[in-house]
Amino acid sequence: MATDFISTRGEAPALGFADVMLQGLARDGGLYVPREWPQFSAEDIRSLRGLSYEETAFRVLKPFIGDAIGDDVLRQIIQDAYATFRHPARCPLVQSGPSEFILELFHGPTLAFKDVAMQLLARLMDHVLAERGERVTIAGATSGDTGGAAIHAFAGTSRADLFILFPHGKVSPVQQRQMTTSGAANVQAIAIEGNFDDCQGLVKGMFNDHAFRDRVGLSGVNSINWARIMAQIVYYFTSAVALGAPERKISFTVPTGNFGDIFAAYAAKRMGLPIGRLVIATNENDILARALATGEYSTQGVVATTSPSMDIQVSSNFERLLFEASGRDAGEVRNAMESLKQSGSFTIAEATLNAIRAEFAAGRAGIDETARTIAEVLKSADYLADPHTANALHVARNLAEPGELMVVLSTAHPAKFPDAVEQASGITPSLPVWLDGLMEKEEAYTVLPSDLKMMEDHIDRHSRATG
Ligand SMILES: Cc1ncc(COP(=O)(O)O)c(C=O)c1O
Ligand SMILES: N[C@@H](CCOP(=O)(O)O)C(=O)O
């Protein structure tokens, strides 16, 4: 029997997989998590050895999806999703030190880890919508990568209109072109006069406006959507198994912004994967590192860095962790989120903080340290890392413990951030051939202020659900 899903705020109905995927955010403003964590025994994990990425994905996803999608269809969807990847292993490992490996997650069509979940999510959603004869309006916030991945995955579908909100002038030129040049009639890129947190605030505002939400049939593709997290759990299994799980324990360092990727690692651990430490890497926007150190989750202004996709202060999925670490105390989560809304901060309860510290470590790498690490890894391992990956490598090395086997997630291809990479290494990474001409394509996007009413009016006018 598959699990159903409950909200972190405890005041929305429990839902099955298909509804959770289509809803995105729970109606009480919370995030859905599985009521039960599926369990993988040591024998189950051993049986994943030698399997393809696709077959591992099937086995990891199935307990969440249950009979919402039949096995043959699910297998086909997984095959089709990862056929878009340019590496036969899909998410390969590269050794970068005696006990350090880089997990490359950027072999999908838009060169960032978002493709891993987005290529799957678009197909799962399309299948469920086709069965139900429904369509949705999707609103997504991006600091640069989610947007391009979503646009690639959903462009041209007749069952979804997609509105992607990105911070005006704060994404890399490659990221911007990936969002503004699709030419697809069902896609709109919207540059918001603000930062990523403003974009995400608008998306959550739309979800919490139930009249609007119902009118346009709102759905989400950010990692607030459980299906995104679910798809990201798979590569923790494939990489850990490749390195000797369940016999060996693996630690992971994850360049972190919205906390979705590292929450997927936490989920894998809850499912039985023997994971050692979960290391959160942050840039100057270090709210998570400060929160772990002090117990105060306190927002400050967002600072622009060379790892722009991590320029985030409100890490949505931290709410999921609070829920789990508090013993699933929805009241504690509601109070924390209310305080965050009112004052921009909250204090993590002592027992919850201790539970978080038992599983997670956190560190920060600034712009200079990130640049130095790009140069160092190029020299020591002949490896050209993007700034997000280098940020995590720096933190992993700083916090390394003797005897620990560490996997560092590489979340983007260096060619997405050529200026920062060139400055640090002297090498200008080039885009792969299939993106030839991207930078010359004509752009189309709308600029809007960070204003919920204006955003909703815009979507009302342009969504095929209401327009
Ligand atoms: C390249 C890159 N690295 C890291 C992150 C942070 O991941 P998460 O938001 O899941 O914490 C992002 C954005 O999400 C990203 O685009
Ligand atoms: N870094 C992300 C921010 C949104 O993250 P998501 O995983 O919640 O979609 C981006 O590139 O847009």
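The structure is a predicted model, so to speak of local features a pLDDT of at least 70 is needed, side-chain atom pairs count only at pLDDT 80 or more, and totals for chains, interfaces and linings use all residues. Residues are numbered from 1 along each chain as its sequence is written, and chains are lettered from A and ligands numbered from 1 in the order in which they are written.

The protein splits into domain 1 (93-108 + 226-425) and domain 2 (135-222 + 436-467), with bounds taken from an automatic or database domain assignment. Their C-alpha centres sit 26 Å apart. Across the boundary, 15 residues of domain 1 are in contact with 14 of domain 2, contact being C-beta atoms, placed from the backbone, within 7 Å. On the domain 1 side, the touching residues come out as eight nonpolar, four polar and three charged. Here Ala, Val, Leu, Ile, Met, Phe, Trp, Tyr, Cys and Pro count as nonpolar, Asp, Glu, Lys and Arg as charged, and the others, Gly among them, as polar.

UniProt, in an unreviewed entry, puts "domain: Threonine synthase N-terminal" at residues 5-82; such positions follow the numbering used here, feature names are shortened, and annotations may be inferred rather than shown by experiment. That stretch is 47% helix and 8% strand, where helices (H or I, at least four residues) and strands (E, at least two) are DSSP runs numbered from the N terminus. The unreviewed entry also lists "domain: Tryptophan synthase beta chain-like PALP" at residues 103-334, a stretch that is 46% helix and 19% strand.

Strand 3 (residues 93-97) and strand 4 (residues 100-104) run antiparallel, joined by four bridges; DSSP must find at least two bridges for strands to pair. The two make a hairpin with two residues between them, and Q95 faces F101 in strand 4.

Turning to the ligands, 16 residues surround ligand 1, the closest being D145, N258, D261, S309 and T411; a residue is near a molecule if its C-beta atom, placed from the backbone, lies within 6 Å of it. This shell holds five nonpolar, nine polar and two charged residues. Around ligand 2, the residues include T142, S143, D145, N222, N258 and S309. The ligand 2 shell has no nonpolar residues, 11 polar and one charged. Helix 6 (residues 145-154) gives the largest share, three residues, while domain 1 and domain 2 each supply at least three.

Conventions
Two residues are in contact if their C-beta atoms, placed from the backbone, lie within 7 Å.
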